[in-house]
Each structure stands twice: as C-alpha cells, then as structure tokens.
Amino acid sequence: MTRKQAVPALTSLAIAVLALLEERPMHPYEMYQLLSSRHEDEIIKIRPGSLYHTVTRLAEQELVVAEGTDRAGNRPERTTYRIETAGSRALRARVAEILREPVNEYPIFPVALAEAHNLPRDEVIALLTERITWLEGRLTELSALHEWAASRQVPRRYWTTIDFIHHTTDAEAAWLRGFIAELESGELEWEDIDPHTGDRVCSPEEGMGHDWGAALTDEDLARVRTDHPR
C-alpha cells in the first residue's frame with residue numbers, strides 16, 4: 001500500500017506563485033511584476049529575492065518545473081517555470097486548509113495594545129487617534145479600489161479580499177474609537193504615569209493585574225467554554 005505523501009507547507013508567497021503558474025507558465029521576474037501590478041503587496045510581503053528563493057524551493061519540492069530559458073536583448077537569461085500536477089494539488093489543499101480553520105498569526109498590534117498601560121493615558125489617546133486617521137485613509141483607498149473594480153465589471157471573486165480588508169479595517173477603527181472614548185471618560189481606569197520620566201506616580205491596589213492570565217485555570221477555561229459555546 002502506497003503511503004500518502006504529506007502536502008508541503010506553503011507560505012503566502014508560495015501560494016501566490018503557484019496561483020500565478022496556474023494561469024500560465026512564466027519566469028520569476030514576470031511573477032514579481034504581476035504581483036506588484038495587481039497590488040498583491042496589500043496582503044503578501046513581496047521582495048524579488050524572496051520570490052526567487054520561493055520559486056527555487058517549489059522546484060526542489062517538485063511542485064513546479066523549469067521548462068526553458070530565454071534572453072531579451074542585453075537582459076540576463078530568464079528561466080520559465082510551469083506548475084506540476086502535484087503543485088496544483090498542493091495549492092488547492094493549502095487554500096482549503098487555511099479557509100477551514102483559523103490559526104493565530106501573531107500580529108504585532110495586539111502586543112502593543114497589551115502593553116499600552118506602560119504609557120500615559122493622554123499619549124495612548126493621541127497615538128490611537130493617529131492610528132484611526134491612518135485607518136480612515138486606508139478605508140478611502142479601499143473604497144476607491146472597490147468602486148474601480150465594480151465599475152469595470154471585474155468578477156467579484158477576484159477582489160473579495162478588498163471587501164474583507166475594508167470590513168476588518170472599519171471594525172478596528174470602530175473598536176478603537178470606543179476604546180478612546182472609555183479612556184477619555186475615565187470609564188477605563190488607567191495608571192498615572194509621569195509623561196517625562198515614564199515612572200508610575202502611583203500603582204492602584206488591584207487584586208489581579210499582570211498575572212490575571214496565570215490565574216486562569218484549566219477548570220476556568222472549561223467553564224467559560226461551557227457557558228459560551230460556539
């Protein structure tokens with residue numbers, strides 16, 4: 001009996017490369033140009049060096065194969081790649097896996113939010129207000145992209161990501177406005193911190209602070225899950 005081979009783990013860039021090669025064979029520089037022109041850098045970190053490394057790695061995994069080289073004028077030779085059947089299968093399997101089950105991607109903003117109590121209240125309010133201004137500008141850009149694609153009757157399946165990013169960005173901005181309102185009203189208690197030295201002027205007497213998570217037992221978690229089922 002043949003043992004089923006595990007599907008290779010694919011990074012975001014590897015997924016993008018395989019998806020491009022599903023369209024047609026192309027060389028890495030063309031991939032880079034297409035990803036950039038399609039604004040894929042909105043969702044994927046794209047660097048020429050990383051892209052070339054990714055293509056090489058996919059070839060080593062026998063998911064893509066080099067099918068020839070060409071030279072245009074004085075430019076260096078460029079190797080054209082095409083996707084293998086195994087690559088198509090790996091692409092579909094990885095996309096399905098990501099769609100099916102969320103994973104913690106460890107974004108950096110929640111880390112800063114968790115440690116925001118180390119900054120004075122007024123500074124936190126000012127910084128988050130700046131962030132909201134940036135998010136609002138982002139929402140304007142996303143709305144413009146939405147209208148552009150819709151007006152040219154681009155099939156929506158190709159730009160659902162724009163909708164997703166717009167809604168998540170809007171939700172973040174709305175949450176931050178509420179958070180700032182709590183800080184400004186005093187509803188959310190905050191430590192008094194000297195804005196010049198960063199020293200805490202006074203520490204409130206609280207029964208549970210930094211170590212609240214450590215106090216959460218397995219029994220507590222089980223109770224929470226029981227009281228709030230999905």
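Biologist: Where in the protein chain is confidence highest?

Modeller: The model is predicted, with local features needing pLDDT of at least 70 and side-chain atom pairs counting only at pLDDT 80 or more, while totals for chains, interfaces and linings use all residues. Residues are numbered from 1 along each chain as its sequence is written, and side-chain values use heavy atoms, with hydrogens and water left out. On pLDDT, the predictor's confidence in each residue from 0 to 100, strand β4 (residues 200–202) is lowest at a mean of 69, and the highest, at 97, is helix α1 (residues 12–23).

Biologist: How are α2 and α3 oriented to each other?

Modeller: Helices here are DSSP runs of H or I with at least four residues, strands are E runs of at least two, and both are numbered from the N terminus. Helix α2 (residues 28–37) packs with helix α3 (residues 48–60) at about 125 degrees, taken between N-to-C directions on a scale from 0 to 180, with axes fitted to C-alpha atoms over the stretch in contact. Under 35 degrees would be roughly parallel, over 145 roughly antiparallel, 65 to 115 roughly perpendicular, and the rest oblique. So α2 and α3 are oblique.

Biologist: Is Tyr-106 buried or exposed?

Modeller: Tyr-106 sits in the loop between α4 (85–100) and α5 (109–114), and has a positive phi of about 55 degrees despite not being a glycine. Buried means under 20% relative accessible area, exposed over 50%, and partly exposed in between, using a 1.4 Å probe and protein chains only. At 68% relative accessibility, Tyr-106 therefore counts as exposed.
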